[in-house]
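Please walk me through this structure, stop by stop. I have it open in a viewer and want to know what to select next and what is there.

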Amino acid sequence: IKTIGVLTSGGDAPGMNAAIRAVVREAIVKGLKVKGIKRGYAGLLQEEIVDMEAKDVSDIIERGGTILQTARCMEFTTPEGQQKGAEICKKHGIDGIIVIGGDGSFKGAQKLAALGINTIGLPGTIDLDIACTEYTIGFDTAVNTAMEAIDKVRDTSTSHERCSIIEVMGRGAGYIALWCGIANGAEDILLPEKYDYDEQKLVNNIIEKRKHGKKHHIIVNAEGIGHSASMAKRIEAATGIETRATILGHMQRGGSPTAKDRVYASTMGALAVDLLCEGKTNRVVGYRHGAFVDFDIDEALAMKKEIPEYEYQIAKNLSI
Ligand code: ATP
């Protein structure tokens, strides 16, 4: 390996910049050249490729988003697009590539590996929905951002003795909702993996808790369930309690990464370079049982992840 490329793909996540910085600097320390590929696979196919030096990643560890920009690219899901991508890598002397993104981005990396470009994937997503790892770059920051926002909504909700539905991100995965449920002491959490769409149960719970003297009722609703505004109207009609919906939206994706996201993303970025130096390919980096590890991408993509039942139960038990 002489020259490596790095790209970010799929949704952006705070900490991606820390990972890019680590890739660039670890590679330079190991005597490699680094090329930044802009706008994910779309930028690869457009040859938006720039040389990166140590100074190019100064002052970015504390910034959210990704300095390389990110994109989704339909063309790269076709065999012709993948072939073109591999040829462009070869043309630019890129013999190893580090892809920071989610499962979709790893599928792209898998295709490049099959075409002879050594690839390592880094889990970058605020949703924590990558099965092989207990940590993904951006989740910690996103949860802290959502938690702080929910604290604020709760203050006003208590003062007005309202019910508040707060919608957090997570289209297919309820991890942000679960964590906020526990961290914010929410009365109810609605997770795509668990919700049975029995609104009457919700209504009964709100009325019951109100009887027991609760001054607010916080419902953390995951984006995958959504429809928070119409849900609020129905709940207000059924309970007679003023109910408001707040959708936190993209604010959860931005902002300066937490110390954990900076440190873990930096470690994973450096490890990805070290794995390439060892000649490894078609691997994805994960964090499991307190250690940074790597898995075969095919195996990682075949793994399944479920909401931990015990944590879910705790969230419910602590909301009495
Ligand atoms: P997020 O968690 O934000 O959804 P992701 O990496 O899963 O991140 P996707 O939009 O699924 O996001 O994938 C990102 C890009 O990866 C796609 O736009 C596409 O270019 C590439 N990609 C996805 N699936 C495949 C595939 N099966 N083969 C090749 N490339 C793929």
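**Stop 1: helices α5 and α6**

Select F139, A142, V143, A146, M147 and I150 in α5, which meet Y175, I176, W179, C180 and A183 in α6. Two residues are in contact if their C-beta atoms, placed from the backbone, lie within 7 Å. Helices (H or I, at least four residues) and strands (E, at least two) are DSSP runs, numbered from the N terminus. By class, the contact of α5 with α6 has 11 nonpolar, no polar and no charged residues. Here Ala, Val, Leu, Ile, Met, Phe, Trp, Tyr, Cys and Pro count as nonpolar, Asp, Glu, Lys and Arg as charged, and the others, Gly among them, as polar.

The model is predicted: local features need pLDDT of at least 70, side-chain atom pairs count only at pLDDT 80 or more, and totals for chains, interfaces and linings use all residues. Residue numbers start from 1 along each chain as its sequence is written.

Now show helix α5 (residues 139-159) whole; its axis and that of α6 come within 9 Å and cross at roughly 50°. That angle makes α5 oblique to α6. Axes are lines fitted to C-alpha atoms, for helices over the stretch in contact, and angles run from 0 to 180 degrees between N-to-C directions. Angles under 35 degrees count as roughly parallel, over 145 as roughly antiparallel, 65 to 115 as roughly perpendicular and the rest as oblique. The crossing of α5 and α6 is right-handed; a crossing is left-handed if the near helix is turned anticlockwise from the far one by less than a right angle, and right-handed if clockwise.

**Stop 2: A186**

Move to A186, in the loop between α6 (175-183) and β7 (188-190). A186 is buried, with 25 other C-beta atoms within 10 Å. A residue is buried if 20 or more other C-beta atoms lie within 10 Å of its own, exposed if 12 or fewer, and partly exposed in between, with C-beta atoms placed from the backbone. Leaving aside residues up to four places away in sequence, A186 touches C180, G181, I218, I219, V220 and S319.

**Stop 3: helices α1 and α9**

Select helix α1 (residues 16-29) and helix α9 (residues 259-277), whose axes come within 7 Å and cross at roughly 40°. α1 and α9 are therefore oblique to each other. Their crossing, α1 with α9, is right-handed. The contact of α1 with α9 divides into 11 nonpolar, two polar and three charged residues.

**Stop 4: loop residues**

Which residue other than glycine has a phi near 55°? It is R39, and the value is positive. Most residues other than glycine have a negative phi. R39 lies in the loop between β2 (33-37) and α2 (40-45), and counts as buried with 20 C-beta neighbours inside 10 Å.

Q69, also not a glycine, has a positive phi of about 65°. Find Q69 in the loop between β3 (49-52) and α3 (79-91); with 17 C-beta neighbours inside 10 Å, Q69 counts as partly exposed.

G65 is in the loop between β3 and α3. G65 and G254 are 189 residues apart in sequence and 6.2 Å apart in space, C-alpha to C-alpha.

**Stop 5: the ligand**

Finish at the ligand, surrounded by 18 residues, of which the closest are G10, G11, G102, G104 and G108. A residue is near a molecule if its C-beta atom, placed from the backbone, lies within 6 Å of it. Helix α4 (residues 103-114) gives the most to this shell, with six residues. By class, the shell around the ligand has three nonpolar, 10 polar and five charged residues.
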